[in-house]
Amino acid sequence: MSLRQRHQARPQPPPPPDEELEEPYNIIPIHNLLADHPSLRYPEVRAAAAALRAVGELRRRRSSVDGFHGPPRLARILLRVPARQRPQPARAPRPPPLKRADAPPAAAGQHRRPRPRCVRRLRKKLLHNYTSWCAYLGRKSNMLVSDPRGDLLYSALYLLVWGEAGNLRFAPECICYIYHHLAFELHRILADYIDSNTGHPANPAVSGEGAFLERIIVPFYKILKAEVGASRDGTAPHSAWRNYDDINEYFWNRHCFERIGWPINESPTSSATAP
């Protein structure tokens, strides 16, 4: 054996996965309460961030779909619902975490729990448009709330949907349609719903890396892009194309549940034609 072969360098171990190298990007670092950030000096913000990390009466998770192990923190449970994409600093920041603006000041260093009345009031105000939309269409709300942590979960889910929806924010009833189905997915996760076909805890109908963007947002984006092209930079008559208000009106008709479906039906006759 030659000296060169004897001293040949050993192969290096593979680099750690991307998930270990990425740092979560949030306006307020709710993932690290020890960070030196001006917002964390306010006890209301620290209480809200600590509440998202609490477990309380929630059941322990039976599977590791989200890649985490251990107690099911509220934020980790939300990771199983496809409304949250992988954190990337280049993307638009997330909406700020829940704040209790009407809560009394707390002593320094304390993480006071949010008052149930304040959390419930926040959830009702934040999701007022969704509950009104359900009542108008004669649909039962998929928010099954029994405690303050449920209020936090369903409120945080809405903020995640809104933060990742892009230009669909200009169609608020479209956001309601998306949230309606994701809230049901969240309920199945919290209830430890078992899939009768597999015998394992049921996964969301839309799951996987980038699923929220590719399978929920992109189909609607394609419709909006086609309408922009039909407008010919606004020179075409309005009867020849549809704007945000026209598309948003589509979700005021109960037939949208049948024609769009869940997961989103991308066939040409599902959502490209107004009811």
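**Notebook: helices, cores and ring pairs**

I began with burial, and of the 275 residues of the chain 39% count as buried; I keep in mind throughout that this is a predicted model. I then looked up the accessible surface, which comes to about 16500 Å² for the chain, with 53% of it belonging to carbon and sulfur atoms.

**Elements and contacts.** I listed the secondary structure and found eleven helices and zero strands. Turning to contacts with a separation of 6 or more, I noted that residues 24 or more positions apart account for 59% of them.

**Helix α5.** I went through α5, residues 116-126, and found that its buried residues are Cys118, Val119 and Arg123. Seen down the axis of α5, these buried residues fall within an arc of 135 degrees, so I record them as lining one face of the helix. For background I wrote down that an α-helix has 3.6 residues a turn, so residues three or four places apart point the same way. I next asked which helix the buried residues of α5 pack against, and the partner is α7. On the face turned away from the buried side of α5, I found the exposed residues Lys124 and Lys125.

**Nonpolar cores.** I looked up the largest nonpolar core, which has 39 residues, and the members that touch the most others in it are Trp133, Leu168, Tyr177, Ile178, Tyr179 and Phe251. At least two residues of this core come from each of α6 (128-137), α7, α8, α9 and α11, and α8 gives the most, with nine residues. Apart from this core I noted another, of five residues, among them Leu33, Leu40, Val45 and Ala49. I then followed tyrosine 179 by itself: leaving aside its neighbours within four places in sequence, I find tyrosine 179 in contact with Leu127, Tyr130, Met143, Tyr154, Leu157, Tyr158 and Val161.

**Ring pairs.** My search of the whole structure for aromatic pairs returned ten. Phenylalanine 170 is exposed, with a relative accessible area of 52%, whereas tyrosine 244 is partly exposed, at 29%.

I then took up phenylalanine 220 and phenylalanine 251, whose ring centres lie 5.8 Å apart with the planes at 65 degrees, so the pair is edge-to-face. Phenylalanine 220 lies in helix α9 (residues 211-230) and phenylalanine 251 in the loop between α10 and α11 (256-260), so I noted that the pair ties together parts 31 residues apart in sequence.

**Charges over rings.** Phe257 came up again here, where I found arginine 139 lying over the face of phenylalanine 257, at 3.8 Å from the ring centre. I also noted that the charged end of arginine 169 sits over the ring of tryptophan 162, 4.4 Å from its centre.

Terms used:
Residues are numbered from 1 along each chain as its sequence is written. This is a predicted model: local features need pLDDT of at least 70, side-chain atom pairs count only at pLDDT 80 or more; totals for chains, interfaces and linings use all residues. Side-chain values use heavy atoms; hydrogens and water are left out. Rings of Phe, Tyr and Trp (its six-membered ring) pair if their centres lie within 6.5 Å; planes under 30 degrees apart count as stacked, over 60 as edge-to-face and the rest as tilted. Buried means under 20% relative accessible area, exposed over 50%, partly exposed in between (1.4 Å probe, protein chains only). Helices (H or I, at least four residues) and strands (E, at least two) are DSSP runs, numbered from the N terminus. A charge sits over a ring if NZ of Lys or CZ of Arg is within 6 Å of the ring centre and within 35 degrees of the ring normal. Contact means heavy atoms within 4.5 Å. Accessible areas come from the Shrake-Rupley method with a 1.4 Å probe; for residues, only the protein chains shown count as cover. The arc is that of the directions from the helix axis to the C-beta atoms. A nonpolar core is a set of buried Ala, Val, Leu, Ile, Met, Phe, Trp, Tyr and Cys residues joined through side-chain atoms within 4.5 Å.
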